[in-house]
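Student: I am new to this structure and would like to understand the terms applied to it. May we go through them one at a time?

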Amino acid sequence: MHDAEPIPAEARAEIDRLLQSGDLFRYTAPQDAPVALLEAEFAAQLGSKYALAVSSCSAALFLSLKALGLPRDARVMIPGFTFAAVPSSVVHADCIPVLCEVGENYRIDLDDFTTKLETVDAVIISHMRGHTSDMDAIMALCNARNIPVVEDAAHSLGTTWHDKNIGTIGKVGCFSFQSYKMINAGEGGILITDDADLVAQAVIMSGAYEHNWRKHMDRKDNSAELEEAFGRWQNKLPLYNLRMSNLSAAVIRPQLPHLARRVVDGRRNHDQVAELINQSPWISVPPKLDAEVRAPDSLQFNLDNVSDAQVHEFVAAASDLGVKVQVFGLTSDNARAFWNWEFMPEQFDLPQTKSMLLRACDTRLPARLTALECDAVAQVLVEAAETAFGETRAFGT
């Protein structure tokens, strides 16, 4: 369940070439370094002007906030359901995370979001586990107040909203190449934007010292705009050295042509298992929003009308049958439970989000699984629910 797809064989020749040359640093070659090629290909595939590959999605979020020019202690709203790396990136950027409520469908509560929007300087929308919040409403609210939106699309590569790629709706979009994502490099991230000034700042801060930023200008139709922006920021920004290596890019690039297939397979697997487990009286999978076409890499579902002890019994029963399930809010160290973020400069009481997290379950559902394997996963989850919560009708009857 936790194994990723093998890295495509096409990567091997380039990896071998890099290992033979020792040329792993993105700025050694005068042009066409693997990282530079990845940036051009990724931007073109998503439909953005610019891309910057970096060491992680967290690094991309951090650089995005720094490039927005926010003042120290600026307040940045994020959903209460996200990974600890997101508020961490806000803290690293010398800003203060402001948490808003999330509903039982894992999406931002727009009433709480609207209320708190008056108190913040920027917003990060985490499409957590690939669940898209109402981006029409969010962008209308933020645009009316001139509040910049950063999309944390770590789990949403391949998802669309009204046929527009997630990550291209806000001012900047940030993606992950960590092993459990659609594209797997072990670690790594990338940001995309149409804003030349923003990407110029991010490039320099990522570690483009001296005039290495010139190697980001190949094949840019609007190179004059970009060169002007780089010249404006040369020597004026600190270097955080968050670069991606050529070796990581060589692993990523051959996977890009496989993305469309992985998205289709992942959605098929998710919807198949969701339909089957929704038959259980104790399990509910929130439906997608009408405007979104999802690209799931995992499965989330809620357990209804059960106790904490029963939830623990369900997790143990599923594990005994071969499927690992985590409940976001029922362990003392889960990095997705906001009350475990003791590093936060301010704490927030989010009763609705906490109630959801205490019953929200997560299990891996890789795109590589077959239909029979998906049936087996569903069978395990339903049987585990019957074991923990009581007898019901036989699965599939």
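**Buried, exposed and in contact**

Tutor: Let us begin with Ile124, which is buried in this predicted model, its relative accessible area being 1%.

Student: Why is Ile124 called buried?

Tutor: Buried means under 20% relative accessible area. Ile124 has 1%, and therefore counts as buried.

Student: Where is Ile124 found, and what does Ile124 touch?

Tutor: Ile124 belongs to strand β4, residues 122-126. Leaving out residues up to four places away in sequence, Ile124 touches Leu61, Leu65, Val76, Met77, Ile78, Pro79, Val86, Ser89, Val90, Val150 and Asp152. Of these, Val90 is 34 residues apart from Ile124 in sequence, with 9.2 Å between their C-alpha atoms.

Student: Why is Phe25 called partly exposed?

Tutor: Partly exposed covers the range between the buried limit of 20% and the exposed limit of 50%. Phe25 has 31% relative accessibility, so Phe25 is placed in that range. Phe25 lies in the loop between α1 (11-21) and α2 (34-46). Together with Tyr209 and Leu239, Phe25 forms a nonpolar patch on the surface, with about 240 Å² of accessible area in total.

Student: Which residues have the most contacts inside the largest nonpolar core?

Tutor: They are Phe113 and Val123, in a core of 101 residues. A second, separate core has 32 residues, including Val377, Ala378, Val382 and Ala384.

Student: What is Val123 in contact with, leaving aside its neighbours within four places in sequence?

Tutor: Val123 is in contact with Val76, Met77, Phe113, Leu117, Cys142, Ile147, Pro148, Val149 and Val150.

Note on methods
Residues are numbered from 1 along each chain as its sequence is written. This is a predicted model: local features need pLDDT of at least 70, side-chain atom pairs count only at pLDDT 80 or more; totals for chains, interfaces and linings use all residues. Side-chain values use heavy atoms; hydrogens and water are left out. A nonpolar core is a set of buried Ala, Val, Leu, Ile, Met, Phe, Trp, Tyr and Cys residues joined through side-chain atoms within 4.5 Å. Buried means under 20% relative accessible area, exposed over 50%, partly exposed in between (1.4 Å probe, protein chains only). Contact means heavy atoms within 4.5 Å. Patches are made of residues with over 30% relative accessible area and no salt bridge: like charges are joined within 9 Å, nonpolar side chains (Val, Leu, Ile, Met, Phe, Trp, Tyr) within 5 Å. Accessible areas come from the Shrake-Rupley method with a 1.4 Å probe; for residues, only the protein chains shown count as cover. A salt bridge is a side-chain nitrogen of Lys or Arg within 4 Å of a carboxyl oxygen of Asp or Glu. Helices (H or I, at least four residues) and strands (E, at least two) are DSSP runs, numbered from the N terminus.
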